[in-house]
Amino acid sequence: MIGLRRGLVRGARISALGVHVPERVLTNDEISQFLDTSDEWILTRTGIRERRIARVDEAASDLGEIAARRALEEGGLDAAGLDLVIVATISPDHIMPATASIVADKIGATKAGAFDVQAGCTGFVYALAIATAFVSANIYSNVLVVGAEVLSKMVDWEDRSTCILFGDGAGAVLVQPTDNGSIFSFDLGNDGSGAPSLLVPAGGSRMPATFDTVRDHEHAMHMTGSEVFKFATRTVVDSCQKVLADAEIGVDDVDLFVPHQANIRIIETASRRLGMSEGQVFANLDRFGNTSCASIPICLHEARESGRLKKGDTLLMAGFGAGLTWGSCLTKWEL
Ligand code: ACO
């Protein structure tokens, strides 16, 4: 848990936001033309109607670059002024080098350090916590956090229980200092015993690539959906309650709750257990599916554009995913 009352030197805030999603829309009906599924099944079980799909020649850094440029433009900052670029992703361009190195090069962040954060779909919250720590400790003043995913290339399009869930997109935020310490509380968690519930088995040092691993689809995401579902509803509630308690505020004080967009039933169950009203909760997975590390910034952008998220609002964000990891962040929205 990171709380500003715990002796940090100065406050940090989200000072700019940019997103980018590919143009191509893939509907449930289209998927049901090549897979034994239906719009009705997908919509009822997940809340997803359609998702965006990147072009064959597009990788995570390509989507991240555009989101990053938009955030920098909004923040009025030249990329050369960045101190650090952090990319949260589970669909990196390559295992090596970090996608952050590629994004930093594309945008011209010539003076910035760069690294990736791999914390499953919680990556954006983890990266935001790291950015906040660097800024709050007065080490850096201009940190760019990018969540970028091309999950359409990480799923097995013959596995109907996973491929229907995911979509592609990117979001970026600029984290800078503030006098009033607006990012005020984080909670980050992990239970590695749950790693087998959500993983890409091959392609790493445990199971290097062979003809067999390719043939057996071991380079795609494997998931035990029901385990992840139970884990997610439990940890999101606990984690959100921790950051609310740390900030000494109640659920009613939250203006907007933006959870990771994995499944509408997870969002509804967790929100209900937290005691949130429908009007406090933001969801857009019906149109984007699960974009993993990009889902929260894409939601923030839509919420702001639609007037659901306004300057001065108390914002609660929560992520969960492979690891199994979870994390939440309570902040005052200052854009
Ligand atoms: N269309 C039709 N039928 C399907 C489909 C599909 N797309 N997928 C599965 N089914 C079938 C199954 O084969 C099963 O059939 P059976 O009863 O004959 O065996 C039946 O539907 C029920 O399957 P379940 O897996 O029990 O369905 P469930 O209600 O659990 O829903 C789902 C599955 C949507 C995956 C759900 O478990 C879920 O959302 N879990 C959480 C997943 C999640 O959040 N993942 C992202 C985490 S973030 C990250 O880090 C990537």
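Leu244 lies in helix H7, which spans residues 225-246; helices (H or I, at least four residues) and strands (E, at least two) are DSSP runs, numbered from the N terminus. The model is a predicted one, in which local features need pLDDT of at least 70 and side-chain atom pairs count only at pLDDT 80 or more, while totals for chains, interfaces and linings use all residues. Residues are numbered from 1 along each chain as its sequence is written, and side-chain values use heavy atoms, with hydrogens and water left out.

With a relative accessible area of 4%, Leu244 is buried (buried means under 20% relative accessible area, exposed over 50%, partly exposed in between, with a 1.4 Å probe and protein chains only). Leaving aside residues up to four places away in sequence, Leu244 touches Ile249, Gly250, Val251, Val254 and Leu330, where contact means heavy atoms within 4.5 Å. Phe184 is 60 residues from Leu244 in sequence, and their C-alpha atoms are 10 Å apart in space.

Turning to the sheet, five strands form an open arrangement in the order E2-E8-E7-E5-E6, with mixed pairing; two strands pair if DSSP finds at least two bridges between them. Strand E2 (11-20) and strand E6 (113-117) stand at the edges with a single partner strand each, so one side of each has no neighbour in the sheet. From one strand to the next, the twist averages 20 degrees. Strands of a sheet pair through backbone hydrogen bonds, either parallel or antiparallel. Strand E5 (residues 84-88) and strand E7 (residues 143-150) pair in the parallel sense over five bridges, and Leu84 has Val143 as its bridge partner in E7.

The cysteines come next. The structure holds zero disulfides, a disulfide being a pair of cysteine sulfur atoms within 2.5 Å. For Cys293, the nearest cysteine sulfur is that of Cys121, 6.2 Å away. Cys293 is buried at 1% relative accessible area, and Cys121 also counts as buried, at 9% relative accessibility.

Of the 25 residues around the ligand, Thr37, Arg45, Cys121, Asn263 and Ala322 come nearest (a residue is near a molecule if one of its heavy atoms lies within 4 Å of it). A side-chain N or O atom of Arg45 is 2.5 Å from an oxygen atom of the ligand, and a backbone N or O atom of Cys121 lies 3.3 Å from a ligand oxygen atom. A ligand nitrogen atom, in turn, lies 2.9 Å from a backbone N or O atom of Arg160.

Notes: Axes are lines fitted to C-alpha atoms, for helices over the stretch in contact, and angles run from 0 to 180 degrees between N-to-C directions. A polar contact is a pair of N or O atoms within 3.5 Å; within protein, one must be able to donate a hydrogen and the other to accept it, and residues adjacent in sequence count only if both atoms are side-chain atoms.
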